[in-house]
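Take a look at the model before reading on.

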Amino acid sequence: MCPIPLAAWGGGALALGAFVDVAHAAGPIEGADAQALNVEAVVMFLVFVAATLAITKWAANRTRSAADFYAAGGNVTGFQNGLAIAGDYMSAASFLGISGLVFSSGFDGLIYSVGWLVGWPIVLFLIAERLRNLGRYTFADVAAFRLAARPIRTLSAVGTLAVVAFYLIAQMVGAGKLIELLFGLPYLYAEILVGGLMVTYVAFGGMVATTWVQIIKACLLLCGATFLAAMVLIHFDFSTEALFQRATEVHPEGLSIMAPGKLVTDPISAVSLGLALMFGTAGLPHILMRFFTVRDAKAARKSVYFATGFIGYFYILTFIIGFGAITLLMNDPSYFKSGEGGSYDKISGLIGGTNMAAVHLSKAIGGSLFLGFISAVAFATILAVVAGLTLAGASAVSHDLYANAFANDRVSEHTEVRLSKIAAVAIGIVAIILGYVFEKQNVAFMVGLAFAVAASCNFPVLLMSVFWGGMTTRGALAGGFLGLGSAIVMVVLSPAVWVTTFGFQSALFPYDNPALFSMSLAFSSIYIFSKLNRSPHADAERALFDAQFVRSETGIGAAGATAH
Amino acid sequence: MRSETDALIERMQRDPEFHELVRERSRFAWGLSALMIAIYFGFILFVAFWPEALGAPIGSGVTTVGIPLGLGVILSAFVLTGLYVHRANAKFDALIHRIIERAK
């Protein structure tokens, strides 16, 4: 049991998928506070890794065709896919970040949970079934259904890779910090470990292995969080009023933790953030890809229903966990860095930063055995998310860019899958390098950027291609690239990056989230450029819509599906 | 070169009953989407404009109005997806199946 000393890293916030505001409010996980090696955590983590590698080996034997590799052969059931979607979506940010935000500011954490859930009904009502009916492996299949394949697939692949890159950087840096803290493993080794495992799952086991890693992770996370929340509630005889009462007595900000605080200040920021959260969910490529793993539209529908239930339940748990951490940790100095005379800051003084509230709570409730379990769960959580991202990125390279955009479909399935595996390895190497490069940077804005790009590029193109017969290739390209470009530029010029990361005096764009503006630009550009496009080619594209519409609404001719 | 699928799709395109069903289903789906958007942005704007109202305690306790409201938004998302799935399974699937079979 030897604590490994680690270099301090001032100012680097743990992203873990946390948004700018979460990171500001909830604070970083600080590597300098590394804990002594937790043997239980290491053993449980090794069991998880061994189990997932065994599954990968089993999956590798079953992965023969491209349909197996990209879409698990379409054999996943609606319930399984619901769990896998939940496992793909609930990042460590949801678990550690939101419970940490509740720990530091109470009610504000609930505002985030709500935002992260409300995109799901939209995915169900408008996207899921039509996506399944029109596509095979990636959402670009749908966007390019009646438009020019090469430019539209290039646009979709760029949108996919941008989302994957930003999301992956945030996850890799967060994973490195977390592992450094929980297991005492040096940062670079942690990056190589995460990168190596995610590439192994994806390259050898494809979608089958990725799906099962996500299902196992979802079960572990839901069980762990349920136990934590239940123990908190038992402590207060299942009276939430008693829990809140005690929290307001212990928390330095008293009663104000029960009301909206600093998170939402002006309506424009609030709406812009809300748009990114709600519609970004419907544009995340690794999530959209999951709908091709089920048999038909009906199963796709069922999977969103279950996923919404699991994710909503989980966010309610994180709220209880955050309040439980306030009541059970804040009066115990052993969880805090003590200053002069044994005094400590009840929020920022928490060892490892406020994002560690749930982890410390697990120790307070179940001792070091349960601490080990929750640590292993947090790690499994990250692995499942990065595996999904890697598979989405690799598919964009092999299926969209290579096979369909540049080789005009003259590629054998075997070559395409092999290229996808090579792409997965390349993405893994790039992710490790980026994770290392960004170690000391504040990357908290990256997930916000990923959601903004998904909402401003992927989502408008996908939604309009399904619902608006007037859209042409030119309109989709103009809207998609303007949405993508404007989202990135506005985030770079925003306070979170321009001031906090680059250190300039004042921001050139006043809001941290660009979605309100970049989404408006994307949708209006799609409309205007399509309307202005009067070429015969554009007319031919519009004429194809009616047949596409029948397919998207009925599932006739859908890939691998039985007719309804 | 026309496949059987293309021929089926063409017949569906001309079927008024198909268009009527799709219109009804779309109205339902867009209506639920609008409702979800209204609930969520209603909540967000409530937080932005009237934080004191959400911070008001219920009765004599410390639990505030905002807590059941926030949890209510989470529950409403689940309830709305349930409503959609129920209606689609119980009604739309059977109708569309019948129309396709007839067109075959």
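## Helices 18 and 20 of chain A

Helix 18 of chain A and helix 20 of chain A cross in a right-handed sense. This is a predicted model. Helix 18 of chain A covers residues 473-492, and helix 20 of chain A covers residues 515-531. Their axes lie 7 Å apart, at an angle of about 160°. Angles over 145 degrees count as roughly antiparallel, so helix 18 of chain A and helix 20 of chain A are roughly antiparallel to each other.

Helix 18 of chain A brings residues including A:Arg474, A:Gly475, A:Gly479, A:Gly480 and A:Gly483. Helix 20 of chain A answers with residues including A:Phe517, A:Phe523, A:Ile526 and A:Phe529. By class, the contact has twelve nonpolar, eight polar and one charged residues.

## Helices 10 and 14 of chain A

Helix 10 of chain A spans residues 187-235, and helix 14 of chain A spans residues 297-329. Their axes come within 9 Å and cross at roughly 40°. Helix 10 of chain A and helix 14 of chain A are therefore oblique to each other. Their crossing is left-handed.

On the side of helix 10 of chain A, the contact includes A:Ala218, A:Leu222, A:Ala225 and A:Val232. On the side of helix 14 of chain A, it includes A:Phe310, A:Phe314, A:Ile321 and A:Gly324. The contact residues divide into twelve nonpolar, three polar and no charged.

## Helices 14 and 15 of chain A

Helix 14 of chain A also packs with helix 15 of chain A, which runs over residues 357-406. The axes come within 9 Å and cross at roughly 60°. Helix 14 of chain A and helix 15 of chain A are therefore oblique to each other. Helix 14 of chain A passes helix 15 of chain A with a left-handed crossing.

From helix 14 of chain A, A:Ile321, A:Gly322, A:Gly324, A:Ala325, A:Leu328 and A:Leu329 take part. They meet A:Ala357, A:Ala358, A:His360, A:Leu361 and A:Ala364 in helix 15 of chain A. This contact has eight nonpolar, three polar and no charged residues. A:Ile321 and A:Gly324 also touch helix 10 of chain A.

## Where chain B meets chain A

The contact between the chains takes 42 residues from chain B and 49 residues from chain A. On the side of chain B, helix 1 (4-13), helix 2 (16-49), helix 3 (51-54) and helix 4 each supply at least two residues. Helix 4 of chain B gives the largest share, 17 residues. By class, the side of chain B that touches chain A has 29 nonpolar, twelve polar and one charged residues.

## Helix 4 of chain B

Helix 4 of chain B runs over residues 66-103 and has 38 residues. From first C-alpha to last, it reaches 53 Å. That is close to the 56 Å expected at 1.5 Å a residue. Where does helix 4 of chain B bend? The bend is at B:Ala88, by about 45°.

Terms used. Residues numbered from 1 in each chain as written. Chains lettered and ligands numbered in written order. Predicted model: local features only at pLDDT ≥ 70, side-chain atom pairs only at ≥ 80, totals over all residues. Helix = DSSP H or I, 4+ residues; strand = E, 2+ residues; numbered from the N terminus. Expected span 1.5 Å × (residues − 1). Bend = angle between axes of the 7 residues up to and from the residue. Contact = placed C-beta atoms within 7 Å. Nonpolar A, V, L, I, M, F, W, Y, C, P; charged D, E, K, R; others polar. Axes fitted to C-alpha atoms, helices over the stretch in contact; angles between N-to-C directions. Parallel < 35°, antiparallel > 145°, perpendicular 65-115°, else oblique. Left-handed = near helix turned anticlockwise from the far one by under 90°.
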